[in-house]
Amino acid sequence: MPAFPIRGALCVITGAGSGIGAALARALAARGAALALADRDAEGLEATRASLPAATRAGLHVLDVTDADAVDALPAAVAEAHGAPADVLVNNAGVALGGTFAEATEADFDWLMAINLHAPIRLTRAFLPVLRTRPAAHVVNISSIYGIIAPAGQTAYSAAKFGLRGFSEALRHELAGGPCGVTVVHPGGVSTRIARNARLPASRNDVDPEEAAAALARVEKLLKMPPDQAGEIIAKGLERRAKRVLVGGDARLIDMVQRLSPSGYWSVLQRFFNA
């Protein structure tokens, strides 16, 4: 199969104001893509645009991905702003939630699911009619290594990322033979602000600050890969129309352990996560 024609393609990226989204914008811009960058953080979007090559055609769309009306209107807004319909949709926006299932409330779960699962599904539903009319089109859904394994303390996040993986794989099978492909991405430890920005359940508001700082330090120690390296890996995955992209040596190792022991991997991996 020929490489996906990124040069000249209009790529929509959610969560483009920082982290993997901003890094992927740079990687795609370097390959000649036009960009429609979406995020609720207007200042972050401006910073991302400033980091792109001067010749890049990049439009900014301030968007709350949980706003159903705004999501439904985005394909037309992108086409009007850019003079052409989208060719690629990257569902990257995401959040994290700390705490165990017993600590997290239904409202906590609903908040995370709205952003990490329901929003990518709604965005895909909004853009798919346009993507299916393009000569070559693609949906890239950013799951997580926690869409392959499910660590203790990640019930909400893993539920959403496993859900996004399942949605992506089923959608790919439904679209087989047409112009629109689907890639699901499973990053390992990428050095973004997602852990630092994670929401804690209300029941944990009295956590000792030193204990919280130590827990954050343990998590951030695992987040080693620079975002720009992750962005390059994902862009290369889009170029080769990969069905699945594992980002990082840690992601590949964890995936292998899970394959070897689908029901017992946690007894091996918990030492890695709790080191």
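I take buried to mean under 20% relative accessible area and exposed to mean over 50%, and I note at the outset that the model I am reading is predicted.

**Aromatic pairs.** I looked for paired rings, each pair being described by the distance of the centres and the angle of the planes. I count 2 aromatic pairs. Phe-101 and Phe-109 form an edge-to-face pair, with 5.6 Å centre to centre and 85° between the planes. I then checked accessibility, and Phe-101 is exposed because its relative accessible area is 58%, whereas Phe-109 counts as buried at 17%.

Tyr-146 and Tyr-157 are also edge-to-face, at 6.0 Å centre to centre and with 90° between the planes. Tyr-146 lies in the loop between strand 5 (137–142) and helix 5 (155–175) and Tyr-157 lies in helix 5, so this pair ties together parts that are 11 residues apart in sequence. Tyr-146 is buried at 16% relative accessible area, and Tyr-157 is buried at 10%.

**A charge over a ring.** I found Arg-199 over the face of Trp-111, at 3.9 Å from the ring centre.

**Helix 2.** In this helix (residues 42–50) I looked up the buried positions, and Gly-44, Leu-45 and Thr-48 are buried. They cover an arc of only 100° around the axis, so they sit on the same side of helix 2. Glu-43 and Ala-50, on the other side of the helix, are exposed. Among the elements that cover the buried residues I noted helix 1 (19–30), strand 2 (34–39) and strand 3 (58–62). At the start of helix 2, I found a side-chain oxygen of Asp-41 within 3.2 Å of the backbone nitrogen of Glu-43.

Note on methods. Residues numbered from 1 in each chain as written. Predicted model: local features only at pLDDT ≥ 70, side-chain atom pairs only at ≥ 80, totals over all residues. Heavy atoms only, no water. Phe/Tyr/Trp six-rings, centres within 6.5 Å; stacked < 30°, edge-to-face > 60°. Buried < 20%, exposed > 50% of the residue type's maximum accessible area, 1.4 Å probe, protein only. Helix = DSSP H or I, 4+ residues; strand = E, 2+ residues; numbered from the N terminus. Lys NZ or Arg CZ within 6 Å of the ring centre and 35° of its normal. Arc of directions from axis to C-beta. Contact = heavy atoms within 4.5 Å. Polar contact = N/O pair within 3.5 Å; in protein donor to acceptor, adjacent residues only side chain to side chain.
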